[in-house]
Amino acid sequence: MKPASKGEIEQALRLLCNSMRAPEGGDFEALFRAYIVALDGCPAWAVANAVRRFVQGKVPDQSLVFCPYPPGLRQAVDREMAPVVRQVEAEVRQSKLKAEARAYRSTVQRTPEARQRVATAMEAYRESRRKLERKEQTSSKLDPELVAMVPDAPTTFERLRWLERGGDDGQA
């Protein structure tokens, strides 16, 4: 990201200062230098977008009358740049990971014995999964004839009430 030139920053500040009142009680040259220092290294598009958001009144907790102080404008510019910075950082991380993967891939020697060991281990894993699935399939089935022979038992709460009554049917 190419940093904004002094002229680009000055143009954005003119728009800002003509739209809102500049902070009072200060030297305008010193204030301008403070804005230049605060925005040092920021791209022109981010400065322009932040100024646009201030002029439109879309910056949270902003004064709608006075221009922001240099640190406040820098924070707004940083918020504008944040998604792009995250994307650039993600692309850099991705490229590093790909480079590491290429480097690793190029040094690994896969011998026929190593390939056979992996194939044997995978087949043993698959066989254990098949056995487990067969066991789950057979153990989860209930025989309808055996289920039909189970007497109907009262639910837990009904059974507790029955025991509270002394275990009889309540017709004593």
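Val65 lies in the loop between α3 (44-56) and α4 (70-107), where helices are DSSP runs of H or I with at least four residues, numbered from the N terminus. This is a predicted model, in which local features need pLDDT of at least 70 and side-chain atom pairs count only at pLDDT 80 or more, while totals for chains, interfaces and linings use all residues. Residues are numbered from 1 along each chain as its sequence is written, and side-chain values use heavy atoms, with hydrogens and water left out.

**Surface patch**
- Val65 is partly exposed, at 41% relative accessible area (buried is under 20%, exposed over 50%, partly exposed in between; 1.4 Å probe, protein chains only).
- Leu64, Val65 and Phe66 make a nonpolar surface patch of about 280 Å² (residues with over 30% relative accessible area and no salt bridge, nonpolar side chains joined within 5 Å); a salt bridge is a Lys or Arg side-chain nitrogen within 4 Å of an Asp or Glu carboxyl oxygen.

**Helix α1**
- Ile9, Ala12, Leu13 and Leu16 are the buried residues of α1.
- They cover an arc of only 100° around the axis, so they sit on the same side of α1; the arc is taken from the directions from the helix axis to the C-beta atoms.
- Exposed residues Gln11, Arg14 and Asn18 are on the face of α1 turned away from its buried side.

**Nonpolar core**
- The largest nonpolar core has 21 residues, of which Leu16, Val47, Phe54, Leu73 and Val77 touch the most other members (buried Ala, Val, Leu, Ile, Met, Phe, Trp, Tyr and Cys joined through side-chain atoms within 4.5 Å).
- At least two residues of this core come from each of α1, α2 (28-38), α3 and α4.
- Helix α3 gives the largest share of this core, five residues.

How values were computed. Patches are made of residues with over 30% relative accessible area and no salt bridge: like charges are joined within 9 Å, nonpolar side chains (Val, Leu, Ile, Met, Phe, Trp, Tyr) within 5 Å. Accessible areas come from the Shrake-Rupley method with a 1.4 Å probe; for residues, only the protein chains shown count as cover.
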